[in-house]
Amino acid sequence: MSEISKVDKLSFITEWFDSEASIIRKFLFSFFPSDCTVELFDIKNHKLFLKRTQCNELSRKDIFVGNTIKIFSRQIKIVDYADSITRKKLERSMQRTFGLIKPDGISFLGEILCTIYTNGFQISNLKMTKINKELATKFYSDDQGKQHFPSLVEHMTVGPVVAMDLLAEDAVGRWEAMVGPMDPTVAKTERPGSIRASLGTDAIRNVIHSAKSSQHVEKESELFFGSRNNASLPMKPIARLENSTCCIIKPHAIQEGLVGNIVCMIEKNGFNITGMNMFYLDEINAAEFLEVYKGVVPEYMSMVKQLCSGPCIAMEITSSKPNCDVAVDFRKFVGPSDPEIARQIRPNTIRAHYGKSKIENAVHVTDLPEDAPLEVEYFFKILPP
């Protein structure tokens, strides 16, 4: 029996944005591992909000600080531990760390994401962005005064980066070892299987960054994703919002660790990812986004429930091919909505490879070319990241 299963109750501080009142409500959230029941206590009003009840949508792997969980259609974010017992049991078993794919690593995006999932990490937050000198300087503040500092700052501003919050047991130490020493030449000797040893060029263009300690994790993650108390620094919008289409990796595919595989397949078939953010949609947002299918597709409500069942990753897809009609060509590449049909008539498509059913078909893609700009704008201009 695991240590966690011996614990009667795990307790956390959680937040829920009440859209009707436009306020953030705080709850003491209790999870009971023995039977997967939950309880919510309203902290401000000092009263029980939800008595202990079964929640089949949740499992133990969903319960960790930083995750957004769904409890009876409410998107609730776990923001902190509520007691020392829970902290002691979970701090190492589901520790958070921070990683950043640098501009020279973007061409290896799919390969790096595959490596992350293969090594047992979960991605709880992800954002593709382009940063300015102010943020780069703050990010590398510990290196200020060192000879390589100006080069580090300059390199970080030359192209897009992908920031990630990563979760795993002993995540900080394992991630640093997986990334390898700063100089790829040293990495090839000391950590020959590391990411930098395999893909890095030099100590500046070394593909990826890893947080050195828990303190660095907090500081670096806050710069890119903000926190309960501070907003992250302004960043340049990364999506082009022209001659592009929208692709969403669905929650079930993320839970199955297929993100890297799907991204690799996109890259290898001549398409580019020029915008990429992780979102936790509530049912209202998911229904609004998929409204075009309402009354048209019998599976509409099931599609809505799947899209808001966990984190999804929205991507803006473009192409460097001349005369490419991105919306049309990418739609063909994704394949029919039914994976069984896709496997029969278009076996080399994303849905043929990774889809399971018409609802769990790995990705959403814009169906009508005229809707492509609207869907890209919905995720990269209208919704907050």
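These questions and answers cover a sheet, a helix, a pocket and a cavity in a predicted model. Local features need pLDDT of at least 70, side-chain atom pairs count only at pLDDT 80 or more, and totals for chains, interfaces and linings use all residues. Residues are numbered from 1 along each chain as its sequence is written, and side-chain values use heavy atoms, with hydrogens and water left out.

Me: In what order do the 6 strands of the open sheet stand?
Reply: Strands are DSSP E runs of at least two residues, numbered from the N terminus. Two of them pair if DSSP finds at least two bridges between them. The pairing here is antiparallel, and the order is β4-β3-β2-β1-β6-β5.

Me: Which strands stand at the edges?
Reply: An edge strand here has a single partner, so one side of it is left without a neighbour in the sheet. That applies to β4 (47-54) and β5.

Me: Why do the buried residues of α14 line one face of the helix?
Reply: Helices are DSSP runs of H or I, at least four residues; buried means under 20% relative accessible area with a 1.4 Å probe, protein chains only. In α14 (residues 326-334) the buried set is Val326, Ala327, Phe330, Phe333 and Val334. Seen down the axis, they line one face because they fall within an arc, taken from the directions from the helix axis to the C-beta atoms, of 130°.

Me: Which residue just after α14 takes a positive phi?
Reply: The phi is about 100°, and the residue is Gly335.

Me: Which residues lie nearest the centre of the second largest pocket?
Reply: A pocket is an open set of points on a 1 Å grid over the protein atoms alone, with protein on both sides within 12 Å along at least five of seven lines; lining residues have an atom within 4 Å of a point. This one holds about 610 Å³ of space. Its lining has 29 residues, and nearest the centre are Lys61, Asp62, Gln255, Gly310 and Pro311.

Me: Which helix gives the most to the lining of the largest cavity?
Reply: A cavity is a set of grid points where a 1.4 Å probe fits but cannot get out. About 50 Å³ of space lies in the largest one. Lys250, Leu290, Met303, Gln306, Leu307 and His364 line that cavity. With 3 residues, the top contributor is α13 (residues 300-307).

Notes: Buried means under 20% relative accessible area, exposed over 50%, partly exposed in between (1.4 Å probe, protein chains only). Grid points are joined across faces, edges and corners, and a volume is the space filled by probe spheres set on the points.
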